[in-house]
Amino acid sequence: MKKVLTIAGSDCSGGAGIQADLKTMTAHKVYGMSVITALTAQNTTGVTSIMDVTPEFVGKQMDCIFTDIYPDAVKIGMVSNSGIIETIATKLKEYKVKNLVVDPVMISTSGSKLLSETAMDALIGRLLPAALLATPNIPEAEALCNIKITSKDHMEKAAEAIFQKLGCAVLIKGGHLTETSDDLLYTKENMVWMTGKRIDNPNTHGTGCTLSSAIACSLANGCTLEESVKNAKAYITGALNDQLNIGKGSGPLNHMWGLT
């Protein structure tokens, strides 16, 4: 059985973060493991409190995993301060991690910055260049390249700029566009549009976490990067089409939609 590690924050309501990642891994029939970077008190209506794990304890969690059950792929989500980011980057280099997918959780849905300037600098300078793939949404892509994105042409320019800046492949998620939900994969070899119809479903909590985890699962199973992104997009589409409706706010996806 292939093994996949998620390094992210915990969502006590189960729709995003570590919980969404582990559900996604189960649905993909891989062995899921976790390094928790923060505890959050949240539900479908919002986040009320965050408690960071110390960088030292994050490092100890990583040591325990990499010295015993070495993962075939790693996904990184919420990393809330520069100390945690520096520790993770150091451990990734120490253990020679490959198949690394980083979901740069930088900007909230409302447009608020979730990271301090110091943490943003560490994410951009230390963590993202180590990735095989970065998966920013449009506001995060704008923050990474200082290009305003309102069209698919803008997405192409931004993807090229981010690739040149970071040196890793980039998947810009198009969910913030008004007419389509097409995503753009930019690699050293080519640029590929992943087309998709916009699904009428207000329950999208944890979509970014789930997509990046699904990509990591396919990479662990030996798929190419392009195949992994296509597989993950199909999985997300199915989870959204299931129309699960839980909670009073923007609810979670049905991660288990494909299981009988």
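## Surface and overall form

The model is a predicted one. Of the 260 residues in the chain, 52% count as buried.

The C-alpha trace spans about 45 × 40 × 40 Å along its principal axes. A compact globule with 260 residues would have a radius of gyration near 18 Å, and the chain, with 17 Å, agrees with this. Among contacts with a separation of 6 or more, 67% are accounted for by residues 24 or more positions apart.

Eight helices and nine strands make up the secondary structure elements of the chain. The nine strands form an open sheet with mixed pairing, in the order β3-β2-β1-β4-β5-β6-β7-β8-β9. The edges are taken by β3 (46–52) and β9 (191–194); each has a single partner strand, so one side of each is left without a neighbour in the sheet. In general, the strands of a sheet pair through backbone hydrogen bonds, in either a parallel or an antiparallel way.

## The pair β1 and β2

Strand β1 covers residues 3–11 and strand β2 covers residues 31–43. The two run parallel and are joined by nine bridges. Two of the residue pairs can be named: Leu-5 has Met-33 of β2 as its bridge partner, and Thr-6 is partnered by Ser-34, also in β2. Strand β1 is mostly covered, with eight of its nine residues buried.

## Gln-42 in strand β2

Gln-42 belongs to strand β2. The relative accessibility of Gln-42 is 15%, and the residue therefore counts as buried, the limit being under 20%.

Which residues does Gln-42 contact, leaving aside its neighbours within four places in sequence? They are Ser-10, Asp-11, Cys-12, Ser-13, Val-47 and His-205. Of these contacts, Ser-10 and Asp-11 fall within the residue range of β1, and Val-47 falls within that of the edge strand β3. Ile-85 is 43 residues from Gln-42 along the chain, and the C-alpha atoms of the two are separated by 22 Å.

## Two loop residues with positive phi

Lys-29 is located in the loop between α1 (17–27) and β2. Its phi is near 60 degrees, a positive value in a residue other than glycine. Is Lys-29 buried or exposed? With a relative accessibility of 65%, Lys-29 counts as exposed, because the limit for that class is over 50%.

Asn-146 is found in another loop, between α5 (138–145) and α6 (152–166). Asn-146 is not a glycine, yet has a positive phi of about 60 degrees. At 71% relative accessibility, Asn-146 counts as exposed. By contrast, Gln-42 in strand β2 counts as buried.

Notes. Residues are numbered from 1 along each chain as its sequence is written. This is a predicted model: local features need pLDDT of at least 70, side-chain atom pairs count only at pLDDT 80 or more; totals for chains, interfaces and linings use all residues. Side-chain values use heavy atoms; hydrogens and water are left out. Two strands pair if DSSP finds at least two bridges between them. Helices (H or I, at least four residues) and strands (E, at least two) are DSSP runs, numbered from the N terminus. The radius of gyration is taken over C-alpha atoms; the globule rule is 2.2 Å times the number of residues to the power 0.38. Buried means under 20% relative accessible area, exposed over 50%, partly exposed in between (1.4 Å probe, protein chains only). Contact means heavy atoms within 4.5 Å.
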